[in-house]
Amino acid sequence: MGSEAKKIAVEVEGIPFPSEITVGEPLSLLAHGITDIEIHFLQIKFNAIGIYLDKNSLLLEHLEQWKGKKAEELAEDDAFFEALVSAPVEKLFRVVVIKEIKGSQYGVQLESSVRDRLVAVDKYDDDEEEALEKVTDFFQSKYFKPNSVITFHFPTTPGPAEISFATEGKDEAKVTVENENVAGMIQKWYLGGTSAVSPTTVRSLADHFAVLLSP
């Protein structure tokens with residue numbers, strides 16, 4: 001999804017992430033990380049993540065109250081990440097598979113996290129349940145081979161989420177989540193501060209925004 005700038009900004013676990021991706025506006029790579037677990041002292045890495053945002057003046061104005069904060073402060077400040085999620089700018093998350101799993105496993109993880117977040121704020125109703133089922137159904141038949149790419153595109157906030165899946169030898173598959181509550185909580189799954197799925201991505205966001213918001 002989207003055209004990619006040729007310049008490679010960073011490699012995450014050997015996986016290249018372009019410095020810019022264009023779907024609507026050109027979006028800049030502002031953070032990267034991985035999802036992983038540790039089992040018996042062995043680290044298992046699942047996905048590499050790149051977070052792309054429209055780095056415009058609107059974004060920086062929206063986050064102005066955190067100007068001058070250090071990265072360590074931002075990383076622990078969930079209010080900052082709440083504001084980042086609600087920032088009215090285009091966002092895109094590029095997730096590249098490191099360890100192959102069934103798409104259904106990924107879908108169940110996403111569904112569980114999003115549902116729990118919605119229930120916690122009393123926003124889980126029939127519409128949200130239906131929208132989440134659509135997402136899990138989308139991933140149900142997919143197989144996540146290494147280097148497969150899952151893209152979450154948020155053209156506006158609040159607004160829908162456009163999800164795509166691309167893997168070698170198959171056409172790109174897409175689904176749109178129209179429900180704004182579900183789309184917002186998918187953002188929080190990756191941008192949710194201390195409750196996000198990838199602490200390394202959260203730390204990377206804090207590092208980048210500490211520089212962007214420096215006086």
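Reader: How many residues line the largest pocket, and which of them lie nearest its centre?

Author: The lining has 17 residues, and V85, E180, G184, M185 and K188 are the ones nearest the centre. This is a predicted model, in which local features need pLDDT of at least 70 and side-chain atom pairs pLDDT 80 or more, while totals for chains, interfaces and linings use all residues. Residues are numbered from 1 along each chain as its sequence is written, and side-chain values use heavy atoms, without hydrogens and water.

Reader: What makes this a pocket and not a cavity?

Author: A pocket is an open set of points on a 1 Å grid over the protein atoms alone, with protein on both sides within 12 Å along at least five of seven lines, whereas in a cavity a 1.4 Å probe fits but cannot get out; lining residues have an atom within 4 Å of a point. The largest pocket holds about 260 Å³ of space.

Reader: Which helix gives the largest share of its lining?

Author: Helix α6 does, with seven residues. Both α3 (78-86) and α6 supply at least two. By type, the lining has six nonpolar, seven polar and four charged residues.

Reader: What lines the second largest pocket?

Author: Its lining includes T35, D36 and I37, together with Y106, Q109, W189 and Y190. β5 (26-39), β6 (42-53), α4 and α6 each give two or more residues, and β5 gives the most, three. The space in this pocket is about 200 Å³. Its lining divides into eight nonpolar, three polar and one charged.

Reader: Why are α4 and α6 called roughly perpendicular?

Author: The axes of α4 (residues 103-120) and α6 (residues 180-191) cross at roughly 110 degrees. Roughly perpendicular covers 65 to 115 degrees, so α4 and α6 are roughly perpendicular to each other. Their axes come within 9 Å.

Reader: Which residues make the contact between α4 and α6?

Author: With contact taken as heavy atoms within 4.5 Å, α4 brings Y106, Q109, L110, S113, V114, R117 and L118, and α6 brings N181, V182, M185, I186, K188, W189 and Y190. Nine of these residues are nonpolar, three polar and two charged.

Reader: How many aromatic pairs does a search of the whole structure find?

Author: The search finds 13 aromatic pairs. One of them joins W66 and F80, with 5.6 Å centre to centre and 75 degrees between the planes.

Reader: Why is the pair of W66 and F80 called edge-to-face?

Author: Rings pair if their centres lie within 6.5 Å, and planes over 60 degrees apart count as edge-to-face. The values of 5.6 Å and 75 degrees therefore make W66 and F80 an edge-to-face pair. W66 sits in the loop between α1 (57-62) and α2 (71-75), and F80 in helix α3, 14 residues apart.

Methods:
Axes are lines fitted to C-alpha atoms, for helices over the stretch in contact, and angles run from 0 to 180 degrees between N-to-C directions. Helices (H or I, at least four residues) and strands (E, at least two) are DSSP runs, numbered from the N terminus. Angles under 35 degrees count as roughly parallel, over 145 as roughly antiparallel, 65 to 115 as roughly perpendicular and the rest as oblique. Ala, Val, Leu, Ile, Met, Phe, Trp, Tyr, Cys and Pro count as nonpolar, Asp, Glu, Lys and Arg as charged, and the others, Gly among them, as polar. Grid points are joined across faces, edges and corners, and a volume is the space filled by probe spheres set on the points. Rings of Phe, Tyr and Trp (its six-membered ring) pair if their centres lie within 6.5 Å; planes under 30 degrees apart count as stacked, over 60 as edge-to-face and the rest as tilted.
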